[in-house]
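Here is a short briefing on one protein model. Keep the sequence and the 3D view open as you read.

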Amino acid sequence: MAEVVFHEKIEQENGDLVEMRILQVPKSDAHPEGIRYALVYIHQNKRVVGYDNFEGKGHHKHLEKQEVSYQFKDVETLIQDFQEDIVKWKSKK
């Protein structure tokens with residue numbers, strides 16, 4: 001059974017959306033740390049930064065149209081890395 005560890009959804013003044021959902025789940029081959037997550041930053045109705053560990057793909061992140069592996073350490077680092085990638089993306093804009 002999944003238990004919510006953290007959930008936050010923020011709609012920014014410009015219409016951008018940041019949503020972070022982190023769940024504690026039973027440890028398994030798909031989720032060896034017992035954590036399932038989906039973090040997303042949406043700009044103009046398009047995902048520009050996203051982190052998740054859906055079954056079959058493991059830990060990875062989406063940076064616009066690119067998908068790359070992500071080295072999961074812990075929940076705090078996950079949130080920090082996600083927020084840093086949003087700042088990096090905004091600085092390129």
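Two strands pair if DSSP finds at least two bridges between them. Strands (E, at least two residues) and helices (H or I, at least four) are DSSP runs, numbered from the N terminus. S3 and S4 pair in this way, antiparallel, over 6 bridges. The model is predicted: local features need pLDDT of at least 70, side-chain atom pairs count only at pLDDT 80 or more, and totals for chains, interfaces and linings use all residues. Residues are numbered from 1 along each chain as its sequence is written, and side-chain values use heavy atoms, with hydrogens and water left out.

**The sheet**

- Six strands form an open sheet, with 6 strands in the order S1-S2-S3-S4-S5-S6 and antiparallel pairing.
- S1 and strand S6 (66-69) are the edge strands, and each pairs on one side only.
- Strands of a sheet pair through backbone hydrogen bonds, either parallel or antiparallel.
- S2 and S3 run antiparallel and are joined by 8 bridges; here arginine 21 stands opposite alanine 38 in S3.
- S3 and S4 form a hairpin with 2 residues between them. Glutamine 44, in the turn, has a positive phi of about 50 degrees.
- Strand S5 (residues 60-63) pairs with S6 in the antiparallel sense over 4 bridges. Lysine 61 has valine 68 in S6 as its bridge partner.

**The helix and the core**

- Helix H1 (residues 75-92) lies across S1, S2, strand S3 (35-43), strand S4 (46-52) and S5. H1 runs at about 15 degrees to S3, with axes fitted to C-alpha atoms, for helices over the stretch in contact, and angles from 0 to 180 degrees between N-to-C directions.
- A nonpolar core is a set of buried Ala, Val, Leu, Ile, Met, Phe, Trp, Tyr and Cys residues joined through side-chain atoms within 4.5 Å.
- The largest such core has 18 residues, of which Tyr37, Leu39 and Phe82 touch the most other members.
- S2, S3, S4 and H1 each give two or more residues to this core. H1 gives the most, with 6 residues.
- Leucine 39 stands opposite tyrosine 51 in S4. Its contacts (heavy atoms within 4.5 Å), leaving aside neighbours within four places in sequence, include Leu78, Ile79 and Phe82.

**Aspartate 16**

- Aspartate 16 is in the loop between strand S1 (3-11) and strand S2 (17-24).
- Aspartate 16 is buried, with a relative accessible area of 1%. Buried means under 20%, exposed over 50%, and partly exposed in between (1.4 Å probe, protein chains only).
- Not counting residues up to four places away in sequence, aspartate 16 touches Ile10, Glu11, Tyr41, Ile42, His43 and Gln44.
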